[in-house]
Amino acid sequence: MKKTIAAGVVAALLSGVAPASAATQIDFWHAFTGRLAELLDEQVAKFNASQSEYTVVATAKGNYSEALNAGIAAFRAGQQPDILQVFEVGTATMMAAKGAVKPVYEVMKESGLPFDQSAYLAAVAGYYTTTDGQMLSLPYNSSTPVLYVNKDALKAAGLDPEMDLSTWEQVGTALDALKESGSKCPLTTAWQSWIQLENLSAYHNVPFASQENGFAGLDTELEFNGPVQTKHIETLGQWAKDGKFIYSGRRNEGGAPFRAGECALFTESSAGYAGVKKEATFDFAIRPLPYWSDVEGAPQNTIIGGASLWVMEGQTPEEYKGVAAFFNFLSSAEIQAKWHQDTGYLPITMAAYEATKASGFYDENPGTDIAIIQMTGKAPTPNSKGIRLGNFDQVRGVIDEELEGVWNGSKSAKDALDTAVTRGNELLRRFEQASR
Amino acid sequence: MEKRVVFNNRWLPYLLVAPQLLVTLVFFFWPAGQAIYQSAFIPDPFGLSTRFVGFGNFEYLFGNRYYRESFLTTAVFSVLVTVSSMSLALWLAVLADRVIKGSGAYRTLLIWPYAVAPAIAGVLWLFMFNPFTGIIAWMLGQMGYTWNHTLDGGQAMALVVAASAWKQISYNFLFFLAGLQAIPKSVIEAAAIDGASFWRRFWTIVFPLLSPTTFFLLVVNVIYAFFDTFGVIHTITKGGPEQSTTILVYKVFSDGFVGQDLGSSAAQSVVLLVLVTILTVVQFRFIERRVHY
């Protein structure tokens with residue numbers, strides 16, 4: 001607490017001093033709250049203290065959807081910030097908005113500052129890069145789903161807390177034992193569409209949508225009603241019926257019961273690490289996301305979620321220079337390594353990963369390198385590079401709705417996925433129409 | 001006998017209503033006109049380009065089974081919110097009207113929830129009913145009833161109705177209480193002397209004399225349920241599970257402000273506008289006849 005106050009005072013002093021030195025102001029709108037917002041403010045304060053030419057002013061604009069919305073409304077009113085944090089789901093929207101965003105490679109080139117795209121993790125940067133390899137937005141906070149295990153709960157169910165849980169078959173066996181021993185919540189998940197469909201598809205090297213999951217064109221169609229996905233959702237549906245899989249909501253509502261020790265297994269973003277570490281009073285472990293052992297080529301690699309930083313069009317050259325300097329600062333190994341260690345987000349550069357490894361962090365905090373190994377273990381295929389779809393937020397809404405039908409038993413997995421594909425395709429066609 | 005006030009100056013009446021007209025023009029007709037105009041286009045979110053599609057947005061909407069189904073959801077939701085918030089408010093107002101000691105404190109407490117914003121009301125109810133951590137969900141569990149509104153459509157509907165109605169009870173309470181206090185005591189006392197019971201007095205004297213207030217509140221509550229409740233839905237259920245709490249105005253909000261599909265969102269607001277206009281006309285033509293002023 002004392003530290004927080006001190007940081008706050010420093011930040012206040014810095015922002016109070018800034019106008020007097022007539023530094024160029026860089027507006028940065030983000031979607032972080034709580035601990036993440038504190039860590040971001042810390043980075044900004046550090047940057048502002050490191051030089052006197054620019055002052056970055058970070059402003060929280062609500063959740064991801066709200067921040068994107070605020071950025072769009074501000075652009076329409078001619079009041080846009082210099083930097084806008086946009087979640088991965090909004091990537092296609094931002095890419096289609098030529099004239100509203102200034103590509104990062106351009107900003108960096110014009111600034112004359114050193115910028116080496118190959119220093120960034122390919123699996124992360126690929127998400128925000130054009131097909132001809134130009135970086136459009138700066139990767140900032142990227143995560144990938146992993147399995148969190150409550151070891152005490154496994155022990156209580158008479159299981160070996162170190163047991164192998166790398167396949168869904170093994171998870172199934174563990175769930176039987178957990179249920180048997182009276183666990184009220186053997187398994188729950190956060191972000192069902194992202195983890196149980198999008199990542200499931202990439203991890204088993206099957207397409208989520210045609211046209212390389214949307215990377216190759218806007219005329220993409222959803223394809224997540226294939227046999228692998230149907231089998232997976234069917235199994236989860238059966239587990240839900242048996243009380244082994246507990247649905248907790250569309251976002252990460254499952255985090256609270258897991259951290260309170262009520263749930264034994266929890267699939268959630270690697271960025272959930274900070275919260276679990278802080279609150280869990282039980283012995284926990286991080287494991288790779290499970291896969292189906294009968295699918296050939298699995299496990300491939302998982303894909304990212306999170307957000308990147310977009311530069312908005314219509315600012316002065318001086319401000320763009322400041323943005324470039326700030327981006328360089330954010331990408332530095334020291335800042336990235338700290339960010340990665342504090343939050344559980346992936347380090348966005350190889351150098352930050354190496355630095356973290358060298359510091360012995362992974363040995364002290366076992367499991368924290370699983371996300372990065374899982375992401376980079378194999379070279380990505382067209383099915384596992386990522387997903388880039390228009391109206392993706394709404395497509396996810398449709399998937400959420402249909403999956404809820406499976407969890408409450410009113411729909412079969414096949415039926416729900418087929419309907420979600422049909423409804424989602426309508427949304428994709430609409431986006432195609434709007435962006436033509 | 002109709003009462004008539006005659007103005008001598010031709011322009012004075014117009015001048016007197018001008019401020020209200022101006023407010024209506026700026027805050028209603030202008031945005032409504034904008035919505036109608038935009039409903040014929042598919043714009044990109046940033047307003048960089050738009051495509052004229054005529055009635056395309058409406059065709060897209062009505063060709064969608066889920067959109068058509070949300071009319072029924074909206075009807076159920078609005079009726080439940082209006083009926084429950086008005087009947088509870090009337091009951092509370094009748095009780096509060098009879099309180100002699102400390103009536104100010106009672107009234108203040110009953111009016112309090114009106115100051116709470118819809119989204120906050122939603123969060124408050126969510127805290128109590130959260131399937132994992134909510135106190136009421138826990139108590140229901142102790143009594144052997146499983147509460148999980150994230151999967152049970154009926155429970156989800158009950159929860160959003162409760163949160164929306166709770167907020168509106170205060171508003172209705174205020175008007176009912178004022179209405180009750182305007183009823184001449186002599187009429188009620190005369191009936192009491194004739195030996196009419198409390199409920200008889202209520203149904204034959206009080207309720208008919210309250211009818212203008214009730215009618216006004218009916219119109220206001222229907223409009224509230226149709227337009228002002230997306231904050232509650234957004235914070236509690238996001239329209240789910242499946243589409244069991246996706247009411248029309250929530251779709252306008254989520255397609256427009258979350259999904260950035262402004263063309264469809266504009267078309268939906270036009271549909272909603274027409275719907276509420278029809279409802280209001282119906283209310284005035286058919287229900288107002290039974291109102292005694």
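Predicted model: local features only at pLDDT ≥ 70, side-chain atom pairs only at ≥ 80, totals over all residues.
Visitor: Why is A:Glu313 called partly exposed?

Guide: A:Glu313 has 16 other C-beta atoms within 10 Å, and since a residue is buried at 20 or more and exposed at 12 or fewer, a value in between is called partly exposed; therefore A:Glu313 is partly exposed.

Visitor: Where in chain A does A:Glu313 lie, and what is it in contact with beyond its neighbours within four places in sequence?

Guide: A:Glu313 lies in the loop between β10 (305-312) and α14 (317-331) of chain A, and, with those neighbours left aside, A:Glu313 is in contact with A:Gly99, A:Ala100, A:Val101 and A:Lys102.

Visitor: What makes the largest nonpolar core lie between domain 1 and domain 2 of chain A?

Guide: The largest nonpolar core has 126 residues, and those with the most contacts inside it are A:Val124 and A:Val323. The largest share of this core, nine residues, comes from α20(A). Because domain 1 (2-143 + 305-358) and domain 2 (145-302 + 376-435) of chain A both give residues to this core, the core lies between them.

Visitor: How many residues of chain A are in contact with chain B, and which helix gives the most to that side?

Guide: In this model 30 residues of chain A are in contact with 22 residues of chain B, a contact being counted where C-beta atoms lie within 7 Å. On the side of chain A that touches chain B, α19(A) gives the most, with seven residues, and the residues of that side divide into 10 nonpolar, 12 polar and eight charged.

Methods
Residues numbered from 1 in each chain as written. Chains lettered and ligands numbered in written order. Contact = placed C-beta atoms within 7 Å. Helix = DSSP H or I, 4+ residues; strand = E, 2+ residues; numbered from the N terminus. Nonpolar A, V, L, I, M, F, W, Y, C, P; charged D, E, K, R; others polar. Core = buried A, V, L, I, M, F, W, Y, C linked by C-beta atoms within 7 Å. Domains from an automatic or database assignment.
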